[in-house]
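Colleague: I'd like to learn how to read a helix, a core and a pocket in a model. Could you walk me through one?

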Amino acid sequence: MPHPKIEPLKKVLAIDPHDEVAWFGLGKAHMDDANFQEAVPALESCLRVKPTYSAAYLALAQSLQKLGRVEPCKKICDDGITVSTKNGDA
């Protein structure tokens with residue numbers, strides 16, 4: 001059974017595809033379902049909409065790592081560290 005937040009988030013994104021919080025939520029919901037294949041594009045969309053969304057870098061790196069995609073994971077980690085440092089995030 002898919003995560004209960006997935007369909008409502010997809011409806012929000014159909015109305016506003018530039019809602020970075022909805023993209024992040026969709027990615028995290030897919031992660032909660034261990035569906036990392038679907039989490040990756042949602043989190044990538046989040047970062048396209050808001051490239052400074054630090055938490056999305058972490059979630060994307062975690063998803064890529066779970067899929068065994070080591071090189072893209074390393075790049076996202078590097079990018080995320082740069083962004084979070086600029087943002088003053090932990």
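This is a predicted model: local features need pLDDT of at least 70, side-chain atom pairs count only at pLDDT 80 or more; totals for chains, interfaces and linings use all residues.

Colleague: Which residues have the most contacts inside the largest nonpolar core?

Modeller: The general idea is that in soluble globular proteins, nonpolar side chains tend to be buried together. Here the largest nonpolar core has 26 residues, and Phe24, Leu26, Leu43 and Leu60 have the most contacts inside it. The elements giving two or more residues to this core are α1 (6-15), α2 (20-32), α3 (36-49), α4 and α5. Of these, α3 gives the most, with seven residues.

Colleague: What does Leu60 touch beyond its neighbours within four places in sequence?

Modeller: Leu60 is in contact with Val40, Leu43, Glu44, Leu47 and Ile76. Leu60 is also one of the buried residues of α4, along with Ser54, Ala56, Tyr57, Ala59, Ala61, Ser63 and Leu64.

Colleague: Against which elements do the buried residues of α4 pack?

Modeller: They pack against α2, α3 and α5. As for geometry, the 13 residues of α4 reach 19 Å from first C-alpha to last, close to the 18 Å expected at 1.5 Å a residue. Just after α4, Gly68 has a positive phi of about 75°.

Colleague: And the pocket: which element gives the largest share of the lining?

Modeller: That's α5, with five residues. The largest pocket holds about 170 Å³ of space, and its lining includes Tyr57, Leu58, Ile76, Cys77 and Asp89. By class, the lining has seven nonpolar, three polar and one charged residues.

Definitions and conventions: Residues are numbered from 1 along each chain as its sequence is written. Side-chain values use heavy atoms; hydrogens and water are left out. On a 1 Å grid over the protein atoms alone, a cavity is a set of points where a 1.4 Å probe fits but cannot get out, and a pocket is an open set with protein on both sides within 12 Å along at least five of seven lines; lining residues have an atom within 4 Å of a point. Grid points are joined across faces, edges and corners, and a volume is the space filled by probe spheres set on the points. Helices (H or I, at least four residues) and strands (E, at least two) are DSSP runs, numbered from the N terminus. Ala, Val, Leu, Ile, Met, Phe, Trp, Tyr, Cys and Pro count as nonpolar, Asp, Glu, Lys and Arg as charged, and the others, Gly among them, as polar. A nonpolar core is a set of buried Ala, Val, Leu, Ile, Met, Phe, Trp, Tyr and Cys residues joined through side-chain atoms within 4.5 Å. Buried means under 20% relative accessible area, exposed over 50%, partly exposed in between (1.4 Å probe, protein chains only). Contact means heavy atoms within 4.5 Å. The expected span of a helix is 1.5 Å times one less than its number of residues.
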